[in-house]
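Dear colleague,

Please read them alongside the coordinates.

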Amino acid sequence: MPIALGIAGAIVLTGTDISAGRCVGLTACVAASLLQITGYSKKMFPDLAPLPLWAVLLIVMAIGAVVGLVNGFFVAKFKLHPFIVTLSTQLILFGSVLMYLMIGSNNGQTLSGLDSSYTDFVRGTLFKIGTVAVPNYVLYSAILTAIIWVIWNKTAFGKNMFAVGSNEEAANVSGVNVTATIILVFTLAGLLYGVTGFIEAARISSNNAATGANYELDAIAACVIGGVSFVGGTGKISGIILGVVILRLIFVALTMLGVDSSSLYIIKGAIILCACALDMRKYLVKK
């Protein structure tokens with residue numbers, strides 16, 4: 001959900017962000033390495049005690065924000081297509097996480113052995129619905145969703161974002177700082193990727209270079225299903241929530257039906273293609 005919220009902003013600007021998954025992977029590995037228990041035999045930094053959770057969260061948010069800032073800067077200042085920019089940063093981030101995992105004696109090993117305070121903070125039980133325990137990260141996702149709803153709907157920045165997505169030239173003539181708006185949209189997306197990495201590291205408890213791979217595909221599919229249009233200037237938080245829920249239900253149901261995991265990629269690609277085709281069809285009919 002947080003990744004979808006970040007990518008949705010880029011889509012509203014008629015762009016996208018395919019570096020999201022690798023940004024999540026890098027921040028997840030950084031968070032995991034800083035929050036391994038003392039005395040763990042494969043601890044990346046043996047002499048470093050687990051840092052406070054808030055400090056690690058700020059660190060990974062800063063990393064995500066820097067990635068988003070770089071993406072936004074090159075899109076806004078050099079008028080490069082977001083696909084090209086984020087493809088480049090995707091490769092840079094993947095190389096960075098590979099190098100990070102080679103630090104010290106880690107030698108590319110999976111990062112595990114996380115401090116219990118960290119895993120409890122993320123995976124602890126929030127409440128139960130019948131016999132089903134609802135984990136804490138559901139609450140964090142809901143809080144992030146509420147924050148982004150306020151930003152999109154109740155701030156000048158949110159209105160500027162939709163104005164730039166609808167018609168960049170008209171927004172510029174109307175006094176909107178287009179460059180600043182684009183950079184802020186991508187920076188906000190990076191912050192959300194950093195938070196996602198912090199949560200994901202504890203959720204899966206075993207992080208390596210593959211963490212976060214292709215996460216952006218699920219997020220893009222959820223956004224398109226939820227009505228966030230690649231034409232630009234169109235999208236609602238409620239639609240993104242619906243898209244995420246529908247997509248997850250589809251894949252959970254397919255998994256329970258015993259559909260081969262390789263086929264899920266084909267289905268995912270078909271969903272994105274069909275959703276984009278329907279979206280463009282609606283735009284052409286309206287036009």
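**Salt bridges**

Four salt bridges are counted in this predicted model, a salt bridge being a side-chain nitrogen of Lys or Arg within 4 Å of a carboxyl oxygen of Asp or Glu. Residues are numbered from 1 along each chain as its sequence is written, and side-chain values use heavy atoms, with hydrogens and water left out. Because the model is predicted, local features need pLDDT of at least 70 and side-chain atom pairs count only at pLDDT 80 or more, whereas totals for chains, interfaces and linings use all residues.

Lys79 and Glu168 pair at 3.3 Å, N to O; since Lys79 lies in the loop between α3 (53-78) and α4 (82-100) and Glu168 in helix α8 (residues 168-173), the pair ties together parts that are 89 residues apart in sequence. (Helices, H or I of at least four residues, and strands, E of at least two, are DSSP runs numbered from the N terminus.) Lys79 is exposed at 55% relative accessibility, while Glu168 is partly exposed at 36%, where buried means under 20% relative accessible area, exposed over 50% and partly exposed in between, with a 1.4 Å probe and protein chains only.

Within helix α9, Glu200 and Arg203 are three residues apart, about one helical turn, and their closest N and O atoms are 2.8 Å apart. Glu200 is buried at 7%, whereas Arg203 is partly exposed at 35%.

Lys268 forms a salt bridge with Asp218, with 2.7 Å between the closest N and O atoms; Lys268 lies in helix α12 and Asp218 in helix α10, so this pair ties together parts 50 residues apart in sequence. Lys268 is buried at 12%, and Asp218, Arg248 and Lys268 are linked in a network of salt bridges.

**Pocket and cavity**

The largest pocket holds about 1,100 Å³ of space. Of its 29 lining residues, the closest to its centre are Met1, Arg203, Asp218, Val244 and Arg248, and α11 gives the largest share of the lining, six residues. On a 1 Å grid over the protein atoms alone, a pocket is an open set of points with protein on both sides within 12 Å along at least five of seven lines, a cavity is a set where a 1.4 Å probe fits but cannot get out, and lining residues have an atom within 4 Å of a point.

The largest cavity has a volume of about 60 Å³, and α9 gives the most to its lining, with four residues.

Best regards

Key. Points joined across faces, edges and corners; volume = space filled by probe spheres on them.
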